[in-house]
Number of protein chains: 2
Amino acid sequence: MKNYIKADEWKIIEEGFDPHLHKISESIFSLGNGRMGQRANFEEAYSGETLQGNYVAGVYYPDKTRVGWWKNGYPQYFAKVLNAANWVGIDVLLDGEQLDLAKCKVDGFYRELNMREGHLKRNFTATTASGKQVQVEAIRFCSMADDEAGAISYTLTPLNFSGEITLTPYIDGDVKNQDANYDEKFWDEVSKGTWADGGYVQMRTKKTGFEVATGMKVSVQINGQPVSINADAETKEKFISLTYSTQVQQGQSITLIKYAANLSSQNYAADQLVPNLQSTLNRVAAKGFDTMLAEQAAAWAQKWEHNDIVIEGDVAAQQAIRFNIFQLNQTYTGEDDRLNIGPKGFTGEKYGGSTYWDTEAYCVPFYLATADQQVTRNLLLYRYKQLGKAIENAQLLGFKNGAALYPMVTMDGTECHNEWEITFEEIHRNGAIAFAIFNYVRYTADEAYLADYGLEVLIAIARFWAQRVNWSEARQQYVMLGVTGPNEYENNINNNWYTSTMATWCMQYALDAAEKVRTAEPAKYQALIAKINFEEAKEIAQFSDIIEKMYFPYDEQLGVFLQQDGYLDKEQILVKDLPASERPINQKWSWDRILRSCFIKQADVLQGIYFFEDRYDIDTIRRNFDFYEPRTVHESSLSPCVHAILAAKLGDEKRAYEFYLRTSRLDLDDYNNDTEDGCHITSMAGTWMSVVEGFGGMRVKDGKLSFNPFLPEKWTSFSFNVGFRGTLIKLTVAKDGHSVKHLSGPDMNFSIGGQDVHLKAGSVIKIVKVKIPAPPPF
Amino acid sequence: MKNYIKADEWKIIEEGFDPHLHKISESIFSLGNGRMGQRANFEEAYSGETLQGNYVAGVYYPDKTRVGWWKNGYPQYFAKVLNAANWVGIDVLLDGEQLDLAKCKVDGFYRELNMREGHLKRNFTATTASGKQVQVEAIRFCSMADDEAGAISYTLTPLNFSGEITLTPYIDGDVKNQDANYDEKFWDEVSKGTWADGGYVQMRTKKTGFEVATGMKVSVQINGQPVSINADAETKEKFISLTYSTQVQQGQSITLIKYAANLSSQNYAADQLVPNLQSTLNRVAAKGFDTMLAEQAAAWAQKWEHNDIVIEGDVAAQQAIRFNIFQLNQTYTGEDDRLNIGPKGFTGEKYGGSTYWDTEAYCVPFYLATADQQVTRNLLLYRYKQLGKAIENAQLLGFKNGAALYPMVTMDGTECHNEWEITFEEIHRNGAIAFAIFNYVRYTADEAYLADYGLEVLIAIARFWAQRVNWSEARQQYVMLGVTGPNEYENNINNNWYTSTMATWCMQYALDAAEKVRTAEPAKYQALIAKINFEEAKEIAQFSDIIEKMYFPYDEQLGVFLQQDGYLDKEQILVKDLPASERPINQKWSWDRILRSCFIKQADVLQGIYFFEDRYDIDTIRRNFDFYEPRTVHESSLSPCVHAILAAKLGDEKRAYEFYLRTSRLDLDDYNNDTEDGCHITSMAGTWMSVVEGFGGMRVKDGKLSFNPFLPEKWTSFSFNVGFRGTLIKLTVAKDGHSVKHLSGPDMNFSIGGQDVHLKAGSVIKIVKVKIPAPPPF
């Protein structure tokens with residue numbers, strides 16, 4: 001755990017330069033706009049430790065998998081998020097001496113991620129080996145307003161000398177992925193070129209054939225006044241640069257403005273990339289840096305209007321929650337249904353793939369409440385479009401008749417992970433994809449989605465489950481063998497309660513949705529069942545029979561759902577009795593010991609109870625929480641939020657807050673010593689859920705929002721904005737009572753603390769005491 | 001399946017050259033002498049498809065493991081059997097044109113592995129592109145009499161021309177492993193040199209630092225008469241050669257004799273390798289090729305005296321069983337307790353490692369009956385010497401107090417496999433190691449071994465099991481969670497009956513052995529328990545408690561031991577109902593489907609019943625056999641022998657013979673399309689077991705051999721030699737009755753068909769009817 005980020009409500013601040021923290025800061029200070037993003041690499045040369053990273057959404061490379069022993073059916077490829085051309089680089093020479101912070105004395109280093117306005121700023125004074133002292137201020141951003149563009153303003157002032165300053169902005173496509181399996185480079189050069197004030201490199205990915213043109217347009221100012229300096233162009237393989245040399249007097253400042261753009265063949269014909277790149281660069285350069293910066297601030301203001309959470313009385317918490325919301329918005333804007341939310345977003349390479357079940361299980365609730373419903377709809381359409389590949393994936397594993405198994409990790413719908421315990425067995429993800437459809441329709445009431453897209457996916461998923469179970473003659477029930485549940489510390493288990501629960505729920509929801517569509521949209525229904533050859537009578541009977549006769553492990557004596565068959569055969573130790581020296585067990589214990597232990601990596605039975613809490617009475621929820629929580633090590637960043645929400649529901653405000661704390665500053669404080677690889681983007685949605693669904697107690701019930709809020713003891717107040725079916729409101733939870741303010745849209749009915757409220761447009765409602773008497777704490 | 005090997009009782013014969021079969025033949029015609037070995041690569045250049053392989057026993061390289069996702073505790077390295085310097089090569093030029101069978105018309109190609117005398121012979125006539133015709137005869141062997149040496153006689157006769165023949169014998173250390181994980185070469189050159197009639201290359205393995213000096217000494221004859229030709233020496237990196245050029249008249253023959261030797265730093269100081277290599281070469285060359293060949297035949301005659309099996313009335317079966325025995329003897333001679341039996345012996349690289357549980361479970365019975373007891377004792381000592389590493393291995397996994405887990409795959413005692421399902425979970429191998437000690441003592445009555453070595457291993461293994469089980473509060477019994485049994489088509493299962501049975505047996509045997517040593521060798525016992533800190537009262541009580549309260553899955557209704565918890569939840573399909581198009585399932589099904597199915601890769605419950613058959617009445621054995629056999633796909637070559645032996649015991653002679661057939665010609669007929677990778681050496685011991693323990697019904701009971709033989713219908717008779725406690729006998733089973741002939745050693749008591757017999761030295765006993773009335777067939 002680190003503690004070097006300065007507390008601030010709206011900014012992430014680093015003061016002083018410590019090379020050992022640089023890779024962590026490169027992750028934390030990352031920029032993105034949903035279309036492209038980058039780690040906070042320095043503009044000038046840096047010979048110290050760094051992980052260079054520039055990413056273009058949706059552009060990936062299928063790297064041949066590396067395995068110990070091949071298992072039949074393994075995916076051939078592991079899709080990598082691609083490190084793409086570096087467009088931030090500006091090489092700096094001071095009378096021929098290179099500026100490199102790894103070789104300078106650095107003073108007054110200040111790095112700031114301005115989350116309110118969406119830009120990164122850096123100031124420092126550097127003294128070179130030869131004693132030359134310069135002051136630098138760099139500001140840059142990935143534009144939300146022009147999402148194929150970014151801009152940098154780089155200002156340098158010689159403090160103790162006058163001399164020749166050489167600035168060489170460049171585009172460098174000669175990059176590689178640190179996580180390449182075979183140390184190969186993934187890009188080939190297509191073309192490159194320079195012109196008087198700019199240049200570009202166009203590259204093509206091997207195998208996948210994506211082309212990306214990355215270009216720049218440059219202008220130079222002295223003391224803020226444009227100057228005309230002839231640039232020397234240089235080109236090398238996959239590389240172009242322009243070199244500006246000029247005499248600068250002591251105390252004068254020279255500023256280089258670098259406009260950059262990334263255009264991808266996903267959006268243009270490959271041979272039209274360069275002309276479009278040039279017009280994009282001309283367009284943004286015509287706006288100018290300051291205008292772009294102002295537009296960026298305005299775009300972010302609009303985001304914050306929809307999704308800000310204000311916490312008073314705890315600056316660190318305020319900073320953390322905004323950081324999480326900021327990163328989620330940098331990663332995914334919902335404007336392109338071909339994109340998704342990678343676990344590291346644009347902050348690192350790790351884990352490959354762009355799409356995990358994290359999207360459906362954790363991110364969907366965030367985007368539903370904080371963005372236009374089109375955003376979530378695009379996430380659903382992403383899966384809809386990949387249905388064919390999910391059916392192929394299931395066929396490869398021996399399934400038939402249109403059964404679909406969505407991949408555990410993917411870029412384009414193809415499974416791209418290569419561990420059998422996950423690839424083949426962690427099939428519960430199929431349930432999350434169905435649940436996201438349910439969640440979307442529940443939240444938005446967009447039932448047309450079911451008829452147009454949802455039902456087709458639901459039936460394909462239900463068919464998978466119907467084939468995946470088998471009839472146990474011994475039990476005279478259906479069983480689900482050989483799965484891995486959300487708790488990845490168990491592999492190849494039988495009758496995982498969560499998976500079996502998801503399976504039967506999926507089949508029931510498919511049946512319900514089919515009935516709904518059959519009634520509401522008979523023509524669409526008939527067209528669909530013809531298209532997918534849905535044998536109504538037979539398949540409905542089959543699903544119903546399985547739902548009726550499914551086996552779910554349960555312990556009568558404890559009154560808890562059993563995570564899987566045989567769970568109680570394990571030695572029952574509690575996490576509190578684990579010596580600190582043995583934690584995290586995933587670093588201290590052998591895999592075999594982890595598998596045999598009763599310890600749970602992340603919510604499993606409790607994940608199911610969270611999804612379907614209305615099915616269970618409060619005592620059942622409490623018994624299961626009391627049994628599983630003490631056995632859960634939370635070694636996934638996706639775990640604590642579910643426990644926080646359930647603890648809040650059970651009235652245990654103290655523990656709800658403790659669980660929240662585990663993830664809210666996960667990256668800012670580098671809790672797990674892994675932030676240097678990138679930030680935990682998807683778990684940030686879980687942090688948001690802890691606040692909104694946990695402390696705010698927000699649910700959708702009977703087509704309305706309901707709240708059951710409490711205020712964490714350490715806070716003076718908190719408030720969050722949430723949109724629901726066209727209305728935007730702000731809930732404020734304070735010591736002296738709560739209020740709900742209407743911000744935009746029509747009137748809204750909701751309930752708070754069990755009390756129904758009608759909120760008129762433009763009004764505020766104050767509620768002095770709203771909390772339902774809490775169940776006794778445990 | 002192929003069918004190109006000509007049937008012969010003592011020879012493996014290939015007639016005609018088919019390049020598509022060459023890699024298979026390179027495996028089948030492999031040579032070895034326990035110390036070194038090689039694939040049947042051609043002497044002359046060959047530009048066609050080939051897998052070059054020369055191996056030196058015990059010399060290996062720990063190749064950095066390749067995994068999909070690292071699991072804590074994975075071994076860092078996967079030890080590879082090393083392809084070592086090629087000493088067979090003789091480059092041939094005919095008036096400057098290279099002889100290369102891939103570029104010639106080849107006639108009269110004949111390849112013969114003479115198993116009786118232990119050499120490889122090859123004849124052919126080749127016509128080159130330019131029309132030159134030569135006849136070649138090559139004979140070579142790895143000497144059993146001088147196990148660091150080999151020799152080649154290579155005779156060439158120009159048939160349609162007179163001209164310059166250039167012969168270039170060489171030693172080439174610039175080799176690599178086809179299975180290298182990162183395409184690296186594993187050897188560095190130490191030194192090299194040539195002298196008038198020879199030369200050497202000394203190489204050192206990377207990381208492990210083994211040094212091997214490989215050298216040659218050459219002489220040339222014309223028409224059988226020594227001639228003196230000055231050789232041109234050439235050296236390149238890791239390579240030396242001598243070039244002999246001379247005019248040869250049409251019809252004359254030129255013969256090159258190449259004596260070669262491999263000396264390893266395992267046996268000499270590294271700086272003494274070359275002098276010793278030279279004296280070895282001089283010594284064998286002084287004997288001459290013909291003498292060496294005669295000594296080779298004599299050495300093999302002695303082997304066959306001890307272990308031949310004669311089958312009359314079925315040449316293919318005769319050839320096959322001898323091939324299996326021949327390869328086992330080529331692989332391991334038992335003279336060096338640092339060596340073991342690799343799954344491919346000296347016939348290929350595949351699988352890496354030299355030691356699997358195959359050695360203890362399958363090979364020990366073969367060597368016990370067919371070789372001096374010292375051979376098996378050395379196999380046991382190999383494990384004894386690695387006890388320290390087995391204890392370290394267990395410590396890495398979290399075990400304490402001297403608990404030992406022997407590796408699943410190893411070279412030097414370190415685990416060198418990297419699949420968690422096998423590395424961490426296939427712990428039953430620990431039981432096989434204890435069982436081999438039991439089997440050795442039962443066979444030889446060498447109880448001193450227990451006091452000197454065995455007990456220390458047994459207690460360490462028992463300690464492992466005692467820590468590996470856990471008390472299930474739910475069951476009020478001990479359970480064994482998260483294992484993989486011999487049936488590798490199930491992973492991470494609970495309460496595998498075989499593993500749990502082995503575990504409690506090991507603990508009981510450790511207790512029995514401790515009591516035996518305590519009584520018989522009190523001083524040694526006290527010294528041992530002090531050394532290993534054996535807390536007698538406590539540990540004996542612990543072992544006893546576990547033995548008493550262990551849980552074994554059993555189905556009352558079926559009356560069978562259950563392979564594991566939940567086995568009956570699986571869909572119960574029989575192998576006979578599997579379409580042929582879906583077999584072998586390991587090629588046709590995804591891994592996930594295999595894991596979920598009821599199909600069994602190799603004997604699992606039945607392996608346990610085989611080991612401990614005296615514990616079970618014939619009905620119990622029959623019920624289990626009848627239940628598991630129809631579910632077993634035998635996709636391991638180690639499976640059919642166990643079923644053959646049990647079928648024989650149950651009186652089902654027909655099926656016993658069918659199971660035998662599945663492995664007896666596995667490599668000769670390339671059943672599984674994988675012989676090109678090397679032969680299935682360890683399963684060859686299983687074939688031997690099928691004959692001796694199956695058809696011969698041989699067991700050790702109450703310190704005596706017992707037989708219960710039957711004659712497979714297709715055979716006229718069969719006989720095998722078996723040694724027991726210093727007496728060598730031959731059992732012949734024929735249509736008209738059986739006989740036992742004393743061959744050497746003292747008188748012997750044994751039983752046959754339930755009848756006790758006293759066999760006097762030098763006598764033969766004939767038994768007209770010996771078979772116990774068979775239980776009714778099923």
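Reader: How far apart do the end C-alpha atoms of residues 322-689 of chain A lie?

Author: This is a predicted model. In it, those end C-alpha atoms lie 13 Å apart. The span is 53% helix and 3% strand. UniProt, in an unreviewed entry, places the feature "domain: Glycoside hydrolase family 65 central catalytic" at residues 322-689 of chain A.

Reader: Which residues touch the most other members of the largest nonpolar core?

Author: Ile461(A) and Ile461(B) do, in a core of 461 residues. Take Ile461(A). Leaving out residues up to four places away in sequence, Ile461(A) touches Ala404(A), Asn430(A), Ile433(A), Ala434(A), Cys506(A) and Ala510(A).

Reader: What rotation superposes chain B on chain A?

Author: A rotation of 180°, with 0.0 Å of shift along its axis. The RMSD is 0.1 Å. Such a relation is that of a two-fold axis. In chain B, Val67(B) has the C-alpha nearest the axis, 2.2 Å from it. Both copies use the same surface: 98% of the contact residues of chain B recur in chain A.

Reader: How many residues of chain B are in contact with chain A?

Author: There is a general idea about interfaces: size is often given as the accessible area lost when the parts come together. Here, contacts are counted instead. In this model, 44 residues of chain B are in contact with 43 residues of chain A.

Reader: Which elements of chain B each supply at least two residues of that side?

Author: Strand E23 (470-472), helix H14 (585-588) and helix H15 (591-596) of chain B. H15(B) gives the most, with five residues.

Reader: How do the residues of that side divide into nonpolar, polar and charged?

Author: On the side of chain B that touches chain A, 14 are nonpolar, 17 polar and 13 charged.

Technical notes. Residues are numbered from 1 along each chain as its sequence is written. Chains are lettered from A and ligands numbered from 1 in the order in which they are written. This is a predicted model: local features need pLDDT of at least 70, side-chain atom pairs count only at pLDDT 80 or more; totals for chains, interfaces and linings use all residues. UniProt positions are given in the numbering used here, feature names are shortened, and annotations may be inferred rather than shown by experiment. Helices (H or I, at least four residues) and strands (E, at least two) are DSSP runs, numbered from the N terminus. A nonpolar core is a set of buried Ala, Val, Leu, Ile, Met, Phe, Trp, Tyr and Cys residues joined through C-beta atoms within 7 Å. A residue is buried if 20 or more other C-beta atoms lie within 10 Å of its own, exposed if 12 or fewer, and partly exposed in between; C-beta atoms are placed from the backbone. Two residues are in contact if their C-beta atoms, placed from the backbone, lie within 7 Å. Copies are superposed by least squares on the C-alpha atoms of residues with pLDDT of at least 70 in both. Ala, Val, Leu, Ile, Met, Phe, Trp, Tyr, Cys and Pro count as nonpolar, Asp, Glu, Lys and Arg as charged, and the others, Gly among them, as polar.
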